[in-house]
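Hello,

Here is the structure I promised to pass on. Please have a look at it first; my notes follow below.

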Amino acid sequence: MPAFTRRIEIRALLLASAVFFLMVAALAVYSHTHKKSIAISHFETNLQNTTLPFSEHATHYRTLLEAIGPSAQDVLLLKLPATPRTHMLIHESGFYLYKTYGARGMSYCKNYFNGGCYHGFVEAALEEKGLGALDDVITACKGERSIAQARECTHGVGHAILIAR
C-alpha cells in the first residue's frame, strides 16, 4: 500500500475517532442536563403542593441538591419568596455542603433567604464535631466574599453556640 494511501486512512481513522468522542461527550452533557431538568421539574411540582409538610419539601429539596449540587440554591431563589419556611428549607443547602465538601463547602453558600445556608452549614459542622468545629467554621466565615455574607456566617455561629448550650 502506498504511503499516500496509508496517510489518508490514518487521517480518516483519526477523524472518525474524534467524531465518536465528540458524540460521546455530547451524549454525556445531554444526559446530565436532562437529569437536572427532571430534578428541577420534580421539585417545582412538589413545591406547588402546599399541603405537604415541611419535611416532605425538605426531602425533595435534598434530592434536588444531590442531583444538581449547590446551584439548587438558585432554583429555590427563583421559585420561592423569602419566608421563614424558605429560610429553613435553604438550611438544607448548608447541611449538604458541609457533608459533601467539609469546611471548604461554605464557599458555595449564597446569602439567600437571610443566610439560611450558612446557618445549616454551621449546624451540620457542630452536629458532626461539636464545639471543636467552631475554629474551622469561623476561619471559613472570614473567607466569605462580602461583609453581608461574613455577617450571616458569624450570625449562624451565634445560633450554633446558643443551640449547643
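This is a predicted model: local features need pLDDT of at least 70, side-chain atom pairs count only at pLDDT 80 or more; totals for chains, interfaces and linings use all residues.

The bond links Cys-109 and Cys-117, with 2.2 Å between the sulfur atoms. It is left-handed, at -75° about the S-S bond. Are its two ends buried or exposed? Cys-109 has a relative accessible area of 0%, so it is buried. Cys-117 is also at 0% relative accessibility and therefore counts as buried.

Cys-117 is one of the buried residues of helix H5. Of the 14 residues of H5, 10 are buried, so the helix is largely enclosed by the rest of the structure. Among them are Tyr-118, His-119, Phe-121 and Leu-126. The length of H5 checks out: at 1.5 Å a residue it should span 20 Å, and its end C-alpha atoms are 20 Å apart. Gly-130 follows H5, with a positive phi near 70°.

Now the core. The largest nonpolar core has 33 residues. Tyr-61, Leu-76, Met-106, Phe-121 and Val-137 have the most contacts inside it. Helices H2 (54-68), H3 (72-79), H4 (84-101), H5 (116-129), H6 (134-142) and H7 (147-164) each supply at least two of its residues. Which helix gives the largest share? That is H5, with seven residues.

Phe-121 deserves a look on screen. Leaving aside neighbours within four places in sequence, its contacts include Phe-95, Leu-97, Tyr-98, Met-106 and Val-137. Cys-109 is also in contact with Phe-121, and Cys-109 is the disulfide partner of Cys-117.

Best wishes

How values were computed
Residues are numbered from 1 along each chain as its sequence is written. Side-chain values use heavy atoms; hydrogens and water are left out. A nonpolar core is a set of buried Ala, Val, Leu, Ile, Met, Phe, Trp, Tyr and Cys residues joined through side-chain atoms within 4.5 Å. Buried means under 20% relative accessible area, exposed over 50%, partly exposed in between (1.4 Å probe, protein chains only). Helices (H or I, at least four residues) and strands (E, at least two) are DSSP runs, numbered from the N terminus. Contact means heavy atoms within 4.5 Å. A disulfide is a pair of cysteine sulfur atoms within 2.5 Å. The expected span of a helix is 1.5 Å times one less than its number of residues.
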